[in-house]
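The sequence and the model are shown first.

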Amino acid sequence: MANLEVLVTNVELCSTMTFPTLKKLSVNDMLTGHELADLELKVSFPCFTDVITIWSSVSKHVRQQLLKEKPWAVSITGLGTFHIKKWHCFENGKVLTLQGPVFSLSRTVAQIRDLQHTSIPIPGEIKEVSVSYKRIYLDVPYSEKVVQHCMQETLNFFYFILKKKEDTDFILKDVGTLAIRGTEVTMAFCEDFLLSLNKSTDMVEKLLTNKWVIADKEASLFPSHFGRVHQFPQFEIRVVPRRISLTDTETFKEVENGMSSTGIKGNVND
């Protein structure tokens with residue numbers, strides 16, 4: 001886990017943005033003995049921060065709205081909007097109705113670097129709500145003001161990374177992963193979430209086979225020109241397959257510049 005205060009301080013030094021709330025939120029490494037052993041073996045391990053706690057509550061709220069008997073469209077201001085869409089297919093002479101989440105990227109994000117993403121209209125009969133800071137702060141040990149500022153500052157940091165033309169994964173726990181590679185945008189969803197919507201693994205398989213939705217496990221394999229992505233809200237850099245289109249020299253320079261702008265130093269060769 002990177003030192004959050006160091007990260008935001010370095011970004012402040014090279015931008016007009018400030019992150020007073022993120023600086024104040026502590027980093028709590030809650031590792032068990034087994035996890036420490038995994039760390040020594042360079043196996044992924046969970047790190048929990050106040051920022052992740054807040055965003056986990058945001059994800060929980062989004063999921064709850066989408067799993068209602070009559071689901072609402074729910075938006076995270078400055079990120080995008082989710083709603084549930086129904087698909088129909090024929091099997092053994094019967095019409096099956098499948099449900100899957102769809103996501104429309106916020107215009108704020110799309111305009112940062114002309115991101116390629118199809119905005120899917122929300123049917124008029126579906127009620128649209130925004131994530132409520134009041135609702136979130138009731139689930140976490142922080143004030144409504146801290147929750148609001150944490151969310152906005154996290155998104156501002158996310159925008160900064162996108163403006164640097166770097167790749168990102170924005171993870172909404174138990175919902176899915178917003179993966180941005182270059183100008184390509186993909187929203188991939190957790191299979192457990194899809195199962196909760198459809199109550200059948202066969203139905204989930206049909207959704208995935210028809211490419212009506214994409215499983216988030218696929219997002220971990222999406223390649224990047226740099227061979228790594230910035231992961232939110234963990235504020236980490238994760239290694240991914242490298243998309244070969246730049247020369248090694250160009251790739252090294254772009255990664256080096258991206259890392260130095262956020263106060264992170266690393267080696268491109270993994």
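## Charges over a ring

A charge sits over a ring if NZ of Lys or CZ of Arg is within 6 Å of the ring centre and within 35 degrees of the ring normal. The model discussed here is predicted. Lys 68 lies over the face of Trp 72, at 3.5 Å from the ring centre. The charged end of Lys 127 also sits over the ring of Trp 72, 4.1 Å from its centre.

## Aromatic pairs

The whole structure holds 13 aromatic pairs. One of them, formed by Trp 87 and Trp 212, is stacked, with 5.7 Å centre to centre and 10° between the planes. Trp 87 belongs to strand E4 and Trp 212 to the loop between H9 and helix H10, so the pair ties together parts that are 125 residues apart in sequence. Trp 87 is buried at 11% relative accessible area, whereas Trp 212 is partly exposed at 26%.

Phe 158 and Phe 232 pair edge-to-face, 5.5 Å centre to centre and with 80° between the planes. Phe 158 is in helix H7 and Phe 232 in strand E10, 74 residues apart. Phe 158 is buried, at 0% relative accessibility, and Phe 232 is buried at 1%.

## Crossing of H8 and H9

The axes of helix H8 (residues 191-198) and helix H9 (residues 201-209) come within 8 Å and cross at roughly 120°. The crossing is right-handed. H8 contributes Glu 191, Leu 194, Leu 195 and Asn 198 to the contact, and H9 contributes Thr 201, Met 203, Val 204, Leu 207 and Leu 208. By class, six residues of this contact are nonpolar, two polar and one charged.

Technical notes: Residues numbered from 1 in each chain as written. Predicted model: local features only at pLDDT ≥ 70, side-chain atom pairs only at ≥ 80, totals over all residues. Heavy atoms only, no water. Axes fitted to C-alpha atoms, helices over the stretch in contact; angles between N-to-C directions. Helix = DSSP H or I, 4+ residues; strand = E, 2+ residues; numbered from the N terminus. Left-handed = near helix turned anticlockwise from the far one by under 90°. Contact = heavy atoms within 4.5 Å. Nonpolar A, V, L, I, M, F, W, Y, C, P; charged D, E, K, R; others polar. Phe/Tyr/Trp six-rings, centres within 6.5 Å; stacked < 30°, edge-to-face > 60°. Buried < 20%, exposed > 50% of the residue type's maximum accessible area, 1.4 Å probe, protein only.
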